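Here is a short report for a reader new to this structure. Take a look at the sequence and the fold before reading on.

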Amino acid sequence: MKKRGTILLENIIFIILNLVFLTILILFLFRQGSGAIVLEQSYAKNIALLVDSAKPITEMKLNMEDAMNLAEKNGVAREEIVKINGNVVTVKLSSKGGYQYSFFNSVDVTAYPDVSPEKNYIIKINGYK
Amino acid sequence: MNLINNKKGDKIISVYWFAILIIVAGGIFGMVYIFYGTPYDVREIEANILTNQVADCVSYAGRINANLISNSKVSQKTGEDFLKMCHLNFNSSEEKVGQYYVEVKFYNLSDLNNPILNIKAGNNNWLADCVIQEKQKQENLPQCIEKSFYSVDEKNNQYIIKILTAVGKSEKNVKL
């Protein structure tokens with residue numbers, strides 16, 4: 001009886017460890033695979049470079065379909081995805097954090113989601129500061 | 001039946017299976033971490049854009065900016081004045097130290113060794129790193145771009161303009 005109990009305990013520990021391992025692995029893959037961190041960085045740098053190379057009175061339409069779908073899934077409002085404060089672009093696609101990247105062009109910029117098509121974001125360079 | 005009832009064998013298979021799991025999971029962790037953990041390095045593009053913006057500012061359509069050289073008269077500019085004139089802002093709330101450096105040198109065609117006007121702006125600590133980068137390119141150091149072009153003033157006096165730009169931002173572009 002005692003020996004059988006040992007075997008059962010070993011099996012339970014083995015199964016628990018397996019489950020813990022697989023759970024961590026799946027969570028890690030889901031977190032990375034959701035792409036929030038990668039997309040945030042990609043769009044923040046993209047927008048910063050666009051602003052850097054732009055001249056005043058320019059309106060740019062950026063297709064952010066994948067980012068907007070992800071933001072919607074993560075409960076982030078469309079208006080909150082791209083924020084420009086001073087000379088720092090912040091892209092937020094999940095409820096936590098966001099990614100910031102600065103630009104050197106001293107311009108007044110506004111960013112807002114397009115009405116139609118809804119998957120575009122408008123980056124408007126109004127003038128020099 | 002023997003194989004199933006052999007408890008010693010079961011144990012060996014379990015340990016072996018567990019070891020395989022660790023190796024596979026470790027491999028997946030490693031690959032995913034390396035793939036997604038490496039940031040996009042945009043410093044070279046950024047340095048190129050900065051160089052172009054500065055070039056447009058000091059000489060537009062082949063004519064030198066009259067605020068810098070007018071009728072062969074050179075107007076000395078401080079770094080701050082130059083940044084203001086070219087609508088550049090090197091300060092950022094995101095970074096503690098300046099991440100950009102610009103150096104613009106104007107030469108007379110007759111003397112290419114001594115610049116008649118030398119403008120420096122930004123964090124000059126990056127300059128030393130540009131010298132190192134010339135010898136051997138290192139990713140964790142700032143990315144430097146040097147370009148030169150020809151321009152004329154209002155009286156058609158000819159000048160060579162050399163622009164050196166450096167972009168730091170290693171923390172945001174390189175996995176340190």
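How many helices and strands does the secondary structure of chain B come to? The count is 6 helices and 8 strands. Here helices (H or I, at least four residues) and strands (E, at least two) are DSSP runs, numbered from the N terminus.

## About the model

This is a predicted model, in which local features need pLDDT of at least 70, side-chain atom pairs count only at pLDDT 80 or more, and totals for chains, interfaces and linings use all residues. Residues are numbered from 1 along each chain as its sequence is written, while chains are lettered from A and ligands numbered from 1 in the order in which they are written.

## Chain B

From the N terminus on, the elements of chain B follow α-α-α-β-β-β-β-α-β-β-α-β-β-α. The C-alpha atoms fill a box of roughly 100 × 35 × 25 Å along the principal axes.

Of the 176 residues of chain B, 29% count as buried. Buried means that 20 or more other C-beta atoms, placed from the backbone, lie within 10 Å of the residue's own.

## Chain A: overall layout

Chain A has 3 helices and 6 strands. Along the sequence they read α-α-β-α-β-β-β-β-β. The radius of gyration of chain A is 23 Å, well over the 14 Å that the globule rule gives for 129 residues, so chain A is more spread out than a compact globule. Its C-alpha trace spans about 85 × 30 × 15 Å along the principal axes. Of its 129 residues, 26% count as buried.

Chain A is assigned domain 1 (1–33) and domain 2 (36–128). These bounds come from an automatic or database domain assignment. The centres of the two domains of chain A, taken over C-alpha atoms, are 43 Å apart.

## Chain A: the sheet

Three strands form an open antiparallel sheet in the order S1-S6-S5 of chain A. Strands count as paired if DSSP finds at least two bridges between them. Strand S1 (58–63) and strand S5 (107–113) of chain A are at the edges with a single partner strand each, so one side of each has no neighbour in the sheet. Neighbouring strands are turned by 20 degrees against each other on average, direction ignored.

S5(A) and strand S6 (residues 120–128) of chain A pair over 7 bridges, in the antiparallel sense. A:Tyr112 stands opposite A:Ile122 in S6(A). Helix H2 (residues 36–53) of chain A packs on the sheet and touches S1, S5 and S6 of chain A. Contact means C-beta atoms, placed from the backbone, within 7 Å. The direction of this helix makes about 35 degrees with that of S6(A). Axes are lines fitted to C-alpha atoms, for helices over the stretch in contact, and angles run from 0 to 180 degrees between N-to-C directions.

Strand S3 (residues 88–91) of chain A runs antiparallel to S4(A), joined by 4 bridges. The bridge partner of A:Thr90 in S4(A) is A:Gln100. Both faces of strand S4 (residues 99–102) of chain A are covered. A:Tyr99 and A:Tyr101 lie on one side, A:Gln100 and A:Ser102 on the other, and all are buried.

## Where the chains meet

The contact takes 27 residues from chain B and 27 residues from chain A. On the chain B side, helix H2 (7–37) and helix H3 (43–58) each supply at least two residues. H2(B) gives the largest share, 9 residues.

Definitions and conventions: Contact = placed C-beta atoms within 7 Å. Rg over C-alpha atoms; globule rule 2.2 N^0.38 Å. Buried ≥ 20, exposed ≤ 12 C-beta atoms within 10 Å, placed from the backbone.
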